[in-house]
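Morning, everyone. I'll take you through one structure today, step by step. Please have the sequence and the 3D view open.

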Amino acid sequence: MMEKMIFGRYIPADSIAHRMDPRAKLIFVFAFIAIIFIANDVWGYVIAAAFTYISVKMSGLSLRFLISGLKPVMILIAFTFLLQLFFAREGNVVLDLGFIQIYEEGIRQAFFISMRFTLLVFMTSLLTLTTTPISITDGLESLLNPLKKIKFPAHELALMMSIALRFIPTLMDETDKIMKAQMARGSDMSSGPLKDRIKAIVPLMIPLFVNAFKRAEDLATAMEVRGYRGGEGRTKYRLLFWKARDTFALLSLVLLAAVLAAFRFWI
Amino acid sequence: MDIVLEQVEYRYAANSPFEKKAVEDVTFKIPEGQCTAIIGHTGSGKSTLLLHLNALLKPTSGTVQIGERTVKAGRKEKDLKPIREKVGIVFQFPEQQLFEETVMKDICYGPMNFGVSEEEAKKRAAFWLKEVGMPEEVLGKSPFDLSGGQMRRVAIAGVLAMEPEVLVLDEPTAGLDPRGRREMMEMFYRLHKERGITLVLVTHSMEDAARYADKVVVMHKGRKVHEAPPRELFSDTARLAEWGLGVPEVVKFQRMLEEKTGKAFPKVCLTMDELADMLKLGGESL
C-alpha cells in the first residue's frame, strides 16, 4: 500500500502544471483552499469539482492514477463523512434507526465537507506531484522575501526546509543499516509482545540520533569552510521565471472565486 | 557449519517499477573452518550477498542453506534467531551500532539477546574486550567517549561476544590506520586458526584476500564470475582487470621484476615474506 501512496511524492513529467512557476502554484493552492469555502450549495461544488478536474488535466496525470494513489487519504475522508452523517442534528429526520437518527442537515453536511476535503487533497497533491521539493522551497523563499523587512528569516527557513528534505533518504538508508546491524545482534523488532518491541527501538534510535547530530555538525563546518554567511547578497543557481501562464492560472482562480460568490450571494 | 548458496537471486523492491536486481544466480559454498573472501568492485553485489548469510535478507529466488536450516525464496521463515546466533556479522563501520550507556552493557547486548545469562555475558564482555586489544578500564566508560578506532574495537567485541561459529566481516578495517588494520586482521585470523571459526571476508583489499583467504569468490555485476584459491586467482592479472580488480602490490612488484629480468618465477608470491624467500633462493642460485 505504501508503495502506491502518492501523497507528497513528485512524479517527473512535462506538462503545463509541471512548467508553472512554483510561486504561482503555491499561491494557486493556498488561494484555492480559501476559495473553496465560498461554495455552499450543490452548484458551487459542481463548479469547484469541474475546476479541479481541469487542473488535473493540465498536470498530465491521469485521474485514475490520482484516485488510486490517494486511496489511503480517502479512508480518512470516508470517516469524516460518517461522523458528519451521524452527529449533525439539524433539520428534519430522514431516517430513524432507533438508536440513531439521520438528519437532513447531516446528509448535506456530510456530502459537502467530504467533497471539500477531497478537492483540497487533490489540489494539494497536484502541487507536490508536479513540483520538486527543491522548487517548492525556492518558491516559498521567494514568496516570503518581502517579510524580511520585518526580520522574518525567510532564507533560513527555506534552507532548513531544503536540508531536511535532502536528508530524508539518507536517514532512511541509515535506519535500514542500523536495524540490520542490531538484528544481526539478536534484536527482534518484528515479533514478540509490544513492550519488547518498543524496547527494541532504543538500540535503533540512539545510533540514529548520534549520527544525525554528527552529520549536522559536519554539514555546519563544511558550510562555514565554504564561506556561507546566510542569504545576504547571495545569487541563485535556479532562477524563477513568472510567465503568462502563471498569471492566467491565477486569473482563472479569481474567476472561480467570482462565480462561486455569485452562486452563494445572488442566485 | 557450512553455508551453501544455490542460485541465489535478490531483487530490491521486487515487483514494483523501482525493481533492481542486485544479485543473480549465485552458487557457492562456504566450507566450515575455512576462510572465504568475497571480492568485487563497488556495486558488484557483495554487500547484498552478505546479508543472506544470516537471513537478514531472504533470496527472491534460490536457496541459502545455513547449517541445518534452509532459507528458501517465497517461504515464510520463523524464528531466525538461532541462525543469527551462529552467524555473526561485523558490518562496515560497526561503531555506528553502539548505543548503550557503557561499553560493558553494549557488549552484553548481543549475547543476552540470545539468552546468555547476565553473569556469563559480563564475563564474556571482559574477555572479548581484552581480545580486541582494549584495556579493561574501558568497560565502565560510555562508548561515545572513545576514539573512532576504539569504538570500532568495542563494536567488534560486541559481535565476538556472541561467540558465533561463522564470522562474516564486511570491510572490517576500512578507515583504520595501517597499524590498527594489521592488528585487527591478525586478531581475526588468530581466532580463525585457534578456535576454528569459519571466516567470511568481504573486502576491497586484495592484500587481505591474498594473505588470509583459502578461497576467493569474485563478484561482478551481481554475478559470481570466479571462484579459486588466491594463488590461482592472482596469477591472472588480465582477467582481474576485466572485473575492475587489481592484484596485491607484491604481485605487481613480482611481475615487474620478471619483466625486467626476463626470468619467470615458479609461482606467484602472495606476501612479502614469500617473495623475500623466493628472491633469496634466486640470489643463492645466481
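First, a caution. This is a predicted model. The predictor gives the complex an ipTM of 0.89 and a pTM of 0.76. For chain B, the mean pLDDT is 91. In that chain, 98% of the residues reach 70 or more.

Now chain B as a whole. It has 11 helices and 10 strands. Along its principal axes, the C-alpha trace of chain B spans about 65 × 50 × 30 Å.

What about the inside? Of the 286 residues in chain B, 42% are buried. Next, take the contacts in chain B between residues at least 6 apart in sequence. Of these, 63% join residues at least 24 apart.

On to a sheet in chain B. Which strands form it, and in what order? There are four, and the order is E2-E1-E4-E5. The sheet is open, and the pairing is antiparallel. At the edges sit strand E2 (20-30) and strand E5 (69-72) of chain B. Each of these pairs on one side only. From one strand to the next, the twist averages 20 degrees.

Let's walk across it, pair by pair. Strand E1 of chain B covers residues 3-12, and seven antiparallel bridges link it to E2(B). Here, Tyr10(B) stands opposite Val23(B) in E2(B). Next, E1(B) pairs with E4(B) over five bridges, again antiparallel. Find Glu9(B): its bridge partner in E4(B) is Ser61(B). One general point while we're on strands. In a regular strand, side chains alternate between the two faces of the sheet.

Now, where do the two chains meet? The contact takes 17 residues from chain A and 23 residues from chain B. On the chain A side, two elements give two or more residues: helix H8 (154-184) and helix H10 (202-225). By class, that side has nine nonpolar, four polar and four charged residues.

Finally, two residues, one from each chain. Start with Leu61(A). It lies in the loop between helix H3 (42-58) and helix H4 (63-69) of chain A. Is Leu61(A) buried or exposed? It has 21 C-beta neighbours inside 10 Å, so it counts as buried. The cut-off for buried is 20 or more. Setting aside neighbours within four places in sequence, Leu61(A) is in contact with Ile11(A), Val56(A), Leu66(A) and Leu129(A). Its C-alpha atom is 22 Å from that of Ile75(A), which is 14 residues away along the chain.

Now Pro266(B). This one lies in the loop between helix H10 (249-261) and helix H11 (272-285) of chain B.

Definitions and conventions. Residues numbered from 1 in each chain as written. Chains lettered and ligands numbered in written order. Predicted model: local features only at pLDDT ≥ 70, side-chain atom pairs only at ≥ 80, totals over all residues. pLDDT = per-residue confidence, 0-100. Contact = placed C-beta atoms within 7 Å. Nonpolar A, V, L, I, M, F, W, Y, C, P; charged D, E, K, R; others polar. Pairing = 2+ DSSP bridges. Axes fitted to C-alpha atoms, helices over the stretch in contact; angles between N-to-C directions. Buried ≥ 20, exposed ≤ 12 C-beta atoms within 10 Å, placed from the backbone.
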